[in-house]
Amino acid sequence: MLRMKSTCERCSAPLGLTDRAFICSFECTFCPHCARQLEMCCPNCQGLLVLRPPRSHSPTERPPQRFKAKLEKLLK
């Protein structure tokens, strides 16, 4: 699962789950401003920085829909 880091690794700007951010294949995370300044190249691994996919919520924040109903059915 993709780890959604909450801050830019260069300037520490906050990055929400739906904010634009750029990542490399090692999931180094940068805000759009820093990614442009770095010329879309990760300073850690020299990999290409690409747009991070947005998420509406973290999978660990709330259980999937109908989780309780499925659990109750299994426990019967």
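1. Let me start in the sheet: Ile-23 sits opposite Val-50, a residue of strand 3. Strand 1 (residues 22-23) pairs with strand 3 in the antiparallel sense over two bridges; two strands count as paired if DSSP finds at least two bridges between them. Please keep in mind that this is a predicted model, in which local features need pLDDT of at least 70 and side-chain atom pairs count only at pLDDT 80 or more, while totals for chains, interfaces and linings use all residues. Residues are numbered from 1 along each chain as its sequence is written, and side-chain values use heavy atoms, with hydrogens and water left out.

2. On the sheet as a whole: it is open, has three strands in the order 2-1-3, and its pairing is antiparallel. Strand 2 (29-30) and strand 3 (50-51) are the edge strands, each pairing on one side only. As background, strands of a sheet pair through backbone hydrogen bonds, either parallel or antiparallel.

3. Now the overall fold. The protein has two helices and three strands, and along the sequence they follow the pattern β-β-α-β-α. Helices (H or I, at least four residues) and strands (E, at least two) are DSSP runs, numbered from the N terminus. Among contacts between residues at least 6 apart in sequence, 44% join residues at least 24 apart; a contact means heavy atoms within 4.5 Å.

4. Some surface figures for your notebook. The protein exposes about 5800 Å², and carbon and sulfur atoms supply 57% of that area. Accessible areas come from the Shrake-Rupley method with a 1.4 Å probe, and for residues only the protein chains shown count as cover. Of the 76 residues, 28% are buried. Buried means under 20% relative accessible area, exposed means over 50%, and partly exposed lies in between (1.4 Å probe, protein chains only).

5. The cysteines deserve a look. Searching the whole structure gives zero disulfides, a disulfide being a pair of cysteine sulfur atoms within 2.5 Å. Cys-31 is in no disulfide, and its nearest cysteine sulfur, that of Cys-34, is 3.6 Å away. Cys-31 is buried, because its relative accessible area is 8%. Cys-41 counts as partly exposed because its relative accessibility is 30%.

6. Which side chains meet in a salt bridge? Those of Lys-5 and Glu-9 do, at 3.0 Å from N to O. The structure holds one salt bridge, defined as a side-chain nitrogen of Lys or Arg within 4 Å of a carboxyl oxygen of Asp or Glu. Side chains of opposite charge can pair when their charged atoms come close. Glu-9 has 37% relative accessibility and so counts as partly exposed.

7. Two backbone angles are worth checking on your screen. Most residues other than glycine have a negative phi. Ser-12, although not a glycine, has a positive phi of about 65°, and Glu-39, also not a glycine, has a positive phi of about 60°. Ser-12 lies in the segment before strand 1 and counts as exposed because its relative accessibility is 53%. Glu-39 belongs to the loop between helix 1 (32-37) and strand 3; with a relative accessible area of 69%, Glu-39 is exposed.

8. Two C-alpha pairs link parts of the chain discussed above. Ser-12 and Cys-31 are 19 residues apart along the chain, and their C-alpha atoms are separated by 8.7 Å. Ser-25 and Val-50 are 25 residues apart in sequence and 8.8 Å apart in space, C-alpha to C-alpha. Ser-25 is in the loop between strand 1 and strand 2 and, at 66% relative accessibility, counts as exposed.

9. Finally, the nonpolar surface. Leu-71, Leu-74 and Leu-75 form a nonpolar patch with about 360 Å² of accessible area together. Patches are made of residues with over 30% relative accessible area and no salt bridge, joining like charges within 9 Å and nonpolar side chains (Val, Leu, Ile, Met, Phe, Trp, Tyr) within 5 Å. Leu-71 is part of helix 2 (residues 67-75), and its 38% relative accessibility makes Leu-71 partly exposed.
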